[in-house]
Structure formats: structure tokens, C-alpha cells
Amino acid sequence: MTEARLIQGNQACAEGALAAGCRFFAGYPITPSSEIAEHLARSLPGAGGTFVQMEDEIASLGAVIGASVGGMKAMTATSGPGFSLMQEHIGYAAMAEVPCVVVDVMRGGPSTGLPTSPSQGDVMQARWGTHGGHPAIVLAPASVAEVFELTVRAFNLAERFHTPVTVVFDEVIGHTRESVVLPDHVDIVDRRRPDGPVEGFLPKAAAADDITPLPAFGDGYRYHLTGLVYDERGFPTTDPTQTGALLERLHRKVDAYSPEIEDAETFMTEDADVIVFAYGIVARAAREAVRLAREEGVRAGLFRPVTLWPFPAKALEAAVGAARTVIAAEMNHGQMIHEVERVAASTAEIVPHLRVDGEPISPAELLAKLRERAAAQTGGRG
Amino acid sequence: MTDVRDYLREWAMPHVLCPGCAHGTILRAFLEAVKRLELDPDKLAMVAGIGCSSRLIGYVDFCTLHATHGRAPAFATGLKLARPDMTVAVVTGDGDGLAIGGNHLIHAARRNVDLTVLLLNNSIYGMTGGQAAPTSPAGSVASTAPAGTAEAPFDACKLLEGAGASFVARVMAVDPIMSTNVMVEALSHRGFSFVEVISDCPEYFGRYNALGSGAEMLAWMARKEAGVAAALANKRYVNHVPTASDTSGLATGVFHREERPVFTGLSTQAAR
Amino acid sequence: MAEPVRSLLLAGVGGQGVVLASMIVAETLLRAGYDVKQSEVHGMAQRGGSVFSHIRFGPAVESPLVPEGTAEVLAAFEWAEALRWLQYVRPGGAVVADVRRVVPPGACSDRRAWLSSYPVIDATVLREREVKAHLIDATALAADLGNVRAANSVVLGALAAYLDVGRDYWESTIADLVPRGTAEVNLAAFRSGAEAPAALIDLPAPETGTGFVPARIEVNESWCKVCDICSRVCPEYCLDLDGDTRLVVVAPDACTGCRLCEMLCPDFAITIHHEGQVPALATTGAGP
């Protein structure tokens with residue numbers, strides 16, 4: 001292990017990308033994500049990579065897709081307004097099955113909103129933001145160290161499943177400096193390339209595991225990539241059978257592998273009466289609140305989804321167990337709470353704790369909420 | 001390689017474009033240029049956006065990337081920076097390249113990325129059903145301009161030259177030999193090369209403006225100095241026809257050529 | 001009785017420099033003391049089109065145009081042009097002609113007939129016309145001097161032999177009017193033309209139809225969308241539509257192989273086979 005370093009979340013993201021093998025970055029300046037681009041503008045060329053500042057976020061993800069089609073691991077980073085513009089190409093990358101990583105350092109919204117304040121307002125957009133419906137993989141780190149770790153994982157998942165992967169964290173994590181020890185080795189996954197003959201290559205022929213090979217342009221396999229619905233040759237089709245098969249496969253490619261993809265952290269949930277559901281920076285406040293509540297005798301616990309999408313429903317169900325209350329804490333007007341309700345509303349009361357004023361949720365307010373809900377439970381019994 | 005048809009994905013033919021649409025003629029002229037330059041199909045990528053012109057790339061047996069509407073220059077920029085060993089050509093249309101994708105096009109030109117862009121200008125949106133385009137001559141009829149467009153059109157070549165394209169040319173589909181010659185020069189140019197190709201759209205632009213079939217539209221195209229505006233001027237029911245001086249924009253040839261540093265994305269290395 | 005007005009005709013094809021040559025002739029005559037009128041016609045300004053120039057001179061000239069059968073000398077810079085304007089020469093007049101052949105490029109109407117009927121270089125027609133004929137391979141002479149572009153000066157030298165104008169007038173005019181740096185070679189060319197013996201030379205006849213390869217039109221009906229472009233552009237009317245549903249090769253033997261239809265077909269549906277070059281096995285049809 002290398003020595004501990006004091007680095008910012010955005011820098012950890014850039015270093016994670018480099019460690020994962022990212023050699024192409026295209027982006028557009030936007031607060032609070034710009035440090036990722038600035039760091040990579042300095043470090044990519046020396047690593048044999050390419051940095052380009054594009055004319056907008058649409059073009060940024062377009063260039064990233066172009067570079068990935070050329071065989072490079074590629075990413076972009078942005079914040080809410082830019083993330084909105086990128087939705088078009090997130091859909092394209094999902095449809096055409098082009099690996100790429102999009103980082104969204106969330107700020108207050110809607111619209112231009114609060115550029116320098118934290119938010120978690122984009123988590124549903126990360127799932128449903130582009131038109132037409134598509135599978136999504138979205139990771140939500142809660143610390144600077146985890147930003148590094150999950151950025152690496154985002155590349156590995158993108159390369160494993162040939163799909164866009166989004167990393168969402170908020171302005172506080174992006175701009176927080178923490179002492180972290182970055183690993184000097186990370187496991188890296190590379191996309192599947194074809195090994196058959198070039199002649200007669202069918203880029204989208206049925207694959208037993210639903211993951212079709214992806215040769216780089218220029219490597220001898222000549223094929224067509226499109227955002228239209230395509231057949232096994234990659235060529236546009238409107239045939240209902242082939243259309244259905246393609247869309248089912250694209251969804252199955254993530255859904256069927258969700259046990260492998262999903263990740264969640266639990267803290268003191270085994271015997272908990274009240275569980276806080278939180279992710280990202282809020283989960284850190286929640287962890288502190290749970291610890292303080294336990295000291296007061298409140299049987300509190302924390303459930304933190306690390307993958308927001310696919311949503312770790314089974315893990316949540318297991319964690320909730322016999323708990324009678326789940327406090328869903330989010331820095332938005334209630335987004336992931338709908339998933340919590342879907343999973344746990346039949347066995348527990350789901351209580352929102354939401355903030356949309358640009359201020360992070362504090363341990364103190366969550367502690368107060370835990371006390372209040374525990375008291376209510378006791379009162380209910382009495 | 002004796003015939004440009006050997007470059008086609010024959011299993012995908014015939015292509016989707018309408019009878020008399022000259023886009024296929026332009027593709028053929030391009031393939032003649034590929035043949036003359038003996039480009040390696042494995043190292044030739046064609047990137048396109050959305051629209052009639054962009055569908056062409058599906059029919060050629062190269063590495064073909066059918067991107068999103070207007071964004072082909074951005075995709076192509078990423079691809080070229082990642083694969084400097086490849087020749088990257090963009091096929092776009094007047095709506096794709098000058099309306100929704102205008103920003104990407106001018107910035108690719110400004111950066112001087114080593115791309116060749118063919119902009120097939122048929123003065124209208126064909127695939128969506130004949131709506132007015134940023135190239136529709138003022139006064140021409142479109143489904144969204146039933147009384148004639150009130151807007152002034154872009155001169156694509158002047159726009160691109162102003163944006164910094166280091167090679168700017170215009171040719172006409174009716175002249176496939178000149179088209180091929182200019183495309184050979186564009187593909188050989190180091191840096192961003194832009195070729196506007198005047199095409200036709202008999203199905204919409206021709207029909208709405210009574211310009212006749214594909215053959216007749218090619219005939220007016222052949223009258224280079226007059227062009228479409230003069231043809232429209234003869235149609236009494238078309239309002240706001242441009243003056244004679246407005247037709248001068250349809251000159252053909254290589255308008256601009258310069259050598260300047262090509263953007264490879266690695267220039268920041270020098271700063272380190 | 002006043003001295004009569006005399007006429008000359010210069011003819012060639014676009015790109016040869018006919019206009020400059022006729023300016024040299026007119027300027028020479030002017031310097032020699034004549035009244036001169038010169039009128040050139042170059043309606044087809046492109047390379048390969050016919051260009052001719054009328055020159056009339058004498059003590060006083062009113063009309064610039066040469067009536068048929070009155071030209072004292074026809075100076076032609078290309079063989080077919082010599083024949084085209086032959087009727088302008090008066091009985092007993094002279095024809096000075098370069099025997100080079102310039103075949104017009106590109107497709108034109110009746111291309112096949114034109115190619116197969118390019119006039120053979122045969123002096124018989126001149127003998128029959130009772131004109132003095134002076135045929136020179138001016139291009140070859142100019143090439144020997146180091147610049148084929150000086151061929152016109154060779155022809156002017158031969159023309160000068162038929163006119164009673166002092167050599168000094170010719171040479172000073174040539175030196176003044178030819179492009180900078182070419183005076184020396186043009187003067188040498190002029191002298192070689194003036195000194196070449198007047199002769200009726202017969203050159204080996206080129207084969208009839210040189211350059212013509214029989215061609216066959218193949219239509220891939222599975223790709224053809226019957227758009228009508230090919231049938232409208234074919235100079236030989238080889239193609240036609242059958243009731244707007246099908247393209248038909250109506251005159252297969254008329255095809256000259258110009259490939260206009262093939263190049264302008266938006267659907268890659270036409271192949272022109274140049275017989276003898278393309279194997280009979282050439283296939284179309286869909287399928288990889």
C-alpha cells in the first residue's frame with residue numbers, strides 16, 4: 001500500500017479513472033465537477049491518453065462514445081445541467097452497447113439551481129433520464145476513498161457489460177479532502193473482443209450470456225453501429241421479433257446479472273427497530289446518527305445502497321427484517337424512497353426525511369428523527 | 001478492386017432512399033475517391049448522424065458509426081483522437097449538420113481535427129417529411145412553410161470557412177467526376193476538410209416547389225451559375241424569391257485551403 | 001481599280017491558341033501598312049470546341065467576315081478543322097494545316113458516330129478541291145524545338161510563305177505578342193514553318209473508331225427504382241422506361257460506354273461492361 005494522501009473527491013475520481021485504464025476524457029466545464037477534467041487534462045497526456053474539452057456536454061459524451069468505439073476506455077464528468085444534456089447519448093451508448101463512464105457530481109436543481117451546493121436530485125434521472133427505457137447501472141460512493149474505488153468499478157462494469165455506467169456523488173464529496181490510502185493495484189476488466197474470423201462476422205449474433213463481442217474500429221472487423229433497433233448484423237430493422245429480442249437482451253444483460261452488480265452496506269441492522277435508508281454523503285451523517293442513537297439505547301441501523309441501480313432490493317428486504325420503521329433520508333424531494341416503499345412498505349412504516357435547501361442533512365437532525373420514531377414505536381406498543 | 005460496388009454491403013441493398021434522390025450518386029462518387037486513394041477498408045470509418053444522408057453509411061463495408069442527430073462530428077472527433085491511424089469521414093445533411101449539429105460542426109472545424117465532412121445539402125428535411133431546413137432558399141415551400149420560408153438560408157461553405165475549416169469546397173451531385181476529384185483532395189488534406197455536395201430531394205423539395213423529378217432537378221443543378229434560386233424564381237407562386245445576386249452562393253470548386261496545426265488531443269503533452 | 005480586299009481564315013479547337021495566332025496575323029498585317037479587320041468566333045469556349053477567326057485586309061476594309069469561297073489562305077491548327085472550313089477557300093487558294101488530331105473529351109451527342117468518323121488524314125480531298133495544300137506535322141516540329149505549344153508558330157510560318165509581307169513584320173509581332181519567355185522558341189518555330197517545303201503529305205490513316213470499345217449495359221433490376229435519371233441523361237437514348245415500372249435497354253447497340261448513366265445512377269443499379277475487358281461472368285444481384 002502507498003502512503004495516505006489528502007485528496008479531494010473529484011481528484012480521487014480522476015485517479016480512479018486512470019487506475020482503471022481510462023485513456024480518454026472529453027468534457028465541458030461545470031461546477032462542481034470541473035476538477036475532474038482539470039486533473040485529467042494534466043495527467044492523461046503523460047499516461048498516453050487524450051484529453052479534449054468539447055463544445056458542450058452532448059458533444060462530450062459523443063466524443064467519449066467515439067473514442068470507446070475506437071477501443072479506448074473513456075469517460076466524461078459533469079453536473080446536473082450537463083447530465084441532462086448527456087441523456088441523449090447515455091441512451092445511445094445503452095442501445096449501441098458502447099462502454100463508457102459518466103460521472104455526475106450532483107448540485108442543487110432544478111435547472112441551473114444551486115451550482116455550489118450539494119444535492120441528490122439526479123438519482124432518478126440517472127435511472128430514467130433518457131427516453132425509451134433502458135437498463136442502468138448507477139453507483140453512489142459515500143467517501144473520497146470510495147469515489148476512487150467505485151470509479152474503477154464503473155469502468156469494470158462498463159467493460160464487462162458493454163454499457164454506460166454512471167457514478168453519482170454530490171458536491172460535498174466532490175469537494176471534500178480526506179486522507180486516503182489508494183491501492184497501488186486494482187483489478188481491471190476489459191471488454192470482450194471477438195476471436196472468430198473477420199469474414200462473416202456478425203457483431204450482434206446471439207450470445208449465450210447475452211454479452212456480444214465488441215471489436216474496436218480499425219482492428220479488422222468491419223461492422224455497423226447504430227442507435228436504431230438493429231438485427232444480428234447490427235443493421236437497422238423494424239421486425240417485431242428482432243426488436244423484441246434486442247430490447248429483452250439489453251435489459252436482461254443487466255437484470256440477470258444484478259446479483260453480481262448490486263452492492264449495499266448495512267450497519268447495525270440485525271436487531272434494529274428503526275433503519276435509516278441513506279446513500280452518498282447522507283449515509284455518513286446517518287452512520288453517525290445511528291451510532292449516537294445506539295449509545296442512547298435506540299436500536300437503530302443503517303442501510304446504504306452502493307449501487308442505486310440496479311436497486312439492491314433483496315439486501316434491503318433482508319436488512320429491514322423485523323424493523324418497524326425505515327427513515328428514508330435524501331437530499332431531494334423524495335426519489336429513492338419510492339424504491340424503499342416498493343420493497344418494505346408491507347412490513348414497515350416508511351418515513352421520509354428530505355432536504356432540498358442546499359444544506360446537507362446533519363447527524364443531529366437524523367438523531368432527532370431516530371429518537372422520535374423510536375418513541376413513536378414505544379408509544380404505539382404502550 | 002475493379003468496381004466500387006465491391007465496397008457495398010450488398011446484402012443491405014437496395015438502399016432506403018427515394019427514387020431520383022441523388023444521395024446515392026454522391027456515395028458512389030465518394031467510393032470512387034476511396035478506390036482512387038486505395039484506402040484500406042479496415043482503416044476507414046464513416047460516421048453519420050440522422051437523416052437521409054446519414055443512412056448512406058449503412059451500405060458501405062467499412063467501420064460505420066451511425067450516431068445521433070447532428071452529433072456525428074463529436075463522435076468522429078473522439079474516434080479520430082482515439083484512432084489516429086484511421087481515416088474518419090463524416091456524412092451529414094443540411095438539417096443534421098447545420099441545424100441541430102451546427103455547433104458540433106463548427107467546433108470540429110475550429111479544432112482542425114483531421115476529419116473529412118461531406119454535407120449533403122438537399123435544401124429540406126427529407127426523412128421527416130419535407131420540413132423547412134436552414135438551407136431552404138427564402139421563399140421555397142416546405143411542409144412547415146406552406147407559403148414559403150421567411151428565413152434566410154445558411155451558406156454552408158462560408159460558415160465553415162469562417163469557423164476555421166482548413167479545406168472548404170462545394171460540388172454538385174450532377175457532376176460525379178468533379179465530386180470524386182474534390183473528395184480525393186479533401187480526403188488527402190491534413191486537417192478538417194469540408195465538402196458541401198448539392199443534392200436533390202425530388203420527393204419533397206422538388207414536389208413542393210414544382211422542380212420536377214430527379215432527372216429534372218439534376219438538370220437545374222447543372223446550371224451552376226443559376227441554381228435552385230433561379231429555378232424557383234420562375235415559379236410565380238413562390239413568394240419572396242431571392243434576387244439574382246443571392247444565387248451566387250452556388251459556385252462550385254475548392255474555396256479555401258490552408259495548412260495549419262491539426263488537433264490530435266495530445267498537444268497538452270508539450271505543456272508538461 | 002482599287003486593290004481588292006483579301007481574306008484569311010484561321011481555325012482550330014479551344015485551348016490551341018487560335019485567338020492569339022490570329023491576333024499575331026492581324027497585328028503583322030497592320031504593321032505592314034494594311035487596314036485589317038479580324039473577327040473571331042469561339043462560341044464553345046471550352047477545351048476541344050471549334051474556334052475560328054476571320055481576317056480581312058487591304059487598303060480599306062469594311063466587313064470583317066469572310067464569305068465562303070473567297071479566302072486566300074486557310075490556316076488550320078487541327079486536321080478536322082481544316083476540312084470543316086475547306087469551303088471558305090477560293091479556287092486556287094491555299095490550305096496550311098497541322099495534321100495533329102484533337103479528339104474532344106467527354107461525352108457528346110452521337111459520340112459513337114463521331115468517334116468512328118473522325119476524318120482520316122487523306123490529302124485526296126484537297127487534291128480534288130484544286131487548292132494548294134501545305135500539310136505539316138507542326139506539333140512534331142515544335143516538339144523538336146522543345147515546346148509543343150509553339151506549333152501554332154510553325155503554322156504561321158507556313159502561312160507567311162503565301163503572303164507577301166516582310167519577314168521582319170512577322171518576327172517583331174511574334175516577339176511582342178507571345179507569352180513572356182517564349183519568343184525565342186516561337187521565332188524558331190516560325191522559321192521552321194516558313195522554310196518547310198510545301199507538300200501534300202499523306203499520313204497513315206488511323207483505324208476507324210479508334211478509342212471505341214463496344215459496351216454493354218447491364219441493369220440490376222432488383223436495385224433499380226425506375227427514377228428515370230439514366231434514360232434522361234443517356235446521349236444515345238439507349239434506355240427508356242416501360243410504363244414507369246421498369247427500366248429497359250431499348251437500344252443496346254447504341255451504347256458508346258460513356259458511363260454517364262452508371263455514374264449518375266443513385267442506386268448502383270447500372271453497370272457498363274466494356275466488352276473484352278470485363279469477364280462475361282460479372283454478376284450483380286443481391287446476396288453476400
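**The contact between chains A and B**

A: The contact takes 38 residues from chain A and 34 residues from chain B, two residues being in contact if their C-beta atoms, placed from the backbone, lie within 7 Å. This is a predicted model, in which local features need pLDDT of at least 70 and side-chain atom pairs count only at pLDDT 80 or more, while totals for chains, interfaces and linings use all residues. Residues are numbered from 1 along each chain as its sequence is written, and chains are lettered from A and ligands numbered from 1 in the order in which they are written.

On the side of chain A that touches chain B, at least two residues each are supplied by β2 (22–27), β3 (50–53), α3 (57–69), α4 (80–96) and β10 (224–226); helices (H or I, at least four residues) and strands (E, at least two) are DSSP runs, numbered from the N terminus. The largest share of that side, nine residues, comes from α3(A). By type, the residues of the side of chain A that touches chain B are 22 nonpolar, 12 polar and four charged. Here Ala, Val, Leu, Ile, Met, Phe, Trp, Tyr, Cys and Pro count as nonpolar, Asp, Glu, Lys and Arg as charged, and the others, Gly among them, as polar.

Strand pairing also links the two chains: β10(A) pairs with strand β2 (residues 63–66) of chain B in the parallel sense, over three bridges. Two strands pair if DSSP finds at least two bridges between them. Leu225(A) has Leu65(B), in β2(B), as its bridge partner.

The largest nonpolar core has 232 residues, of which Ile275(A), Val276(A), Ala286(A), Ala45(B), Val47(B) and Leu79(B) touch the most other members. Such a core is a set of buried Ala, Val, Leu, Ile, Met, Phe, Trp, Tyr and Cys residues joined through C-beta atoms within 7 Å. A residue is buried if 20 or more other C-beta atoms lie within 10 Å of its own, exposed if 12 or fewer, and partly exposed in between, with C-beta atoms placed from the backbone. Helix α6 (residues 144–161) of chain A gives the largest share of this core, 10 residues. Leaving aside residues up to four places away in sequence, Ile275(A) touches Thr269(A), Gly301(A), Leu302(A), Phe303(A), Ala319(A), Val320(A), Ala323(A) and Val326(A).

Chain A itself has 13 helices and 16 strands. Its radius of gyration, taken over C-alpha atoms, is 21 Å. This is close to the 21 Å that the globule rule gives for 382 residues, so chain A is as compact as a globular protein of that length; the rule is 2.2 Å times the number of residues to the power 0.38. Of the 382 residues of chain A, 56% count as buried.

In chain A, the peptide bond from Thr31(A) to Pro32(A) is cis, with omega near 5 degrees, and Pro32(A) is found in the loop between β2 and α2 (34–43). In chain B, Ser123(B) has a positive phi of about 70 degrees although it is not a glycine. Ser123(B) lies in the loop between β4 (116–121) and β5 (124–125) of chain B, and counts as buried, with 28 C-beta neighbours inside 10 Å.
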